[in-house]
Amino acid sequence: MSLRPILTLPDPKLKLVSAPITKVTDETRALAADMFETMYEAPGIGLAAIQIGEPVRLVVLDVARKDEEPRPMTLVNPEIVWSSTERSVYEEGCLSIPEIFEEVERPAMVTVRFLDAQGAECEMTAQGVLATCLQHEIDHVEGILFIDHISKLKRDRIVRKFKKDAKRKAEEKEDADGSRTAVA
Ligand code: NI
């Protein structure tokens with residue numbers, strides 16, 4: 001297992017549609033193990049493979065509270081097969097959009113079909129925070145971020161902030177590289 005860097009906005013990879021996993025293998029399980037380690041360390045309650053730069057349809061999550069036993073779940077090729085007309089609102093955040101939290105409205109309940117870490121077909125109906133987390137992570141697999149569900153005005157403001165931060169970091173790095181060259 002190893003900790004992997006998490007891609008953040010505005011990394012264009014976050015917009016990729018991930019490819020299905022044709023066979024669940026040791027390689028899939030090794031990737032899931034890296035994702036769990038990275039997610040728990042962050043800490044977060046869900047992570048999609050694309051967030052560590054792997055464009056495959058793999059999601060890990062654990063919505064257990066701190067005082068509960070961990071409940072790690074691995075979902076290969078997850079697919080929403082039913083969603084309720086009833087909707088609910090949760091304040092969401094994302095490890096790829098650090099320190100931004102916004103209310104998002106989604107179906108309150110969903111049924112998800114997926115393969116587990118052994119490749120067995122599973123189906124699960126969820127509500128509450130698990131339903132929200134499942135939808136958030138399955139969005140990642142499709143290249144969709146939670147900010148795509150909020151107003152364009154708010155989204156543009158967030159994207160602008162992250163683009164500006166990325167540009168500033170790149171310039172700082174350039175300056176640092178420049179001064180190293182100067183003293184060499
Ligand atoms: Ni996310």
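The metal site and its surroundings

Modeller: Helices (H or I, at least four residues) and strands (E, at least two) are DSSP runs, numbered from the N terminus. This is a predicted model, in which local features need pLDDT of at least 70 and side-chain atom pairs count only at pLDDT 80 or more, while totals for chains, interfaces and linings use all residues. Residues are numbered from 1 along each chain as its sequence is written, and side-chain values use heavy atoms, with hydrogens and water left out.

The metal itself is a nickel ion, coordinated at 2.1 to 2.3 Å by the SG atom of C94 and by the NE2 atoms of H136 and H140. Donors are N, O and S atoms within 2.8 Å of the metal (3.2 Å for Na, K and Ca), and sites may look incomplete because water is not among the atoms. Along the sequence, the donor residues follow the spacing C-x41-H-x3-H.

H136 and H140 are both buried, a word that stands for under 20% relative accessible area, with exposed meaning over 50% and partly exposed lying in between (1.4 Å probe, protein chains only). Elsewhere in the chain, Y90 in strand β4 (residues 87–94) is partly exposed, with a relative accessible area of 31%. In strand β5 (residues 97–107) we find E99, which counts as exposed at 73% relative accessibility and has a positive phi of about 65 degrees although E99 is not a glycine.
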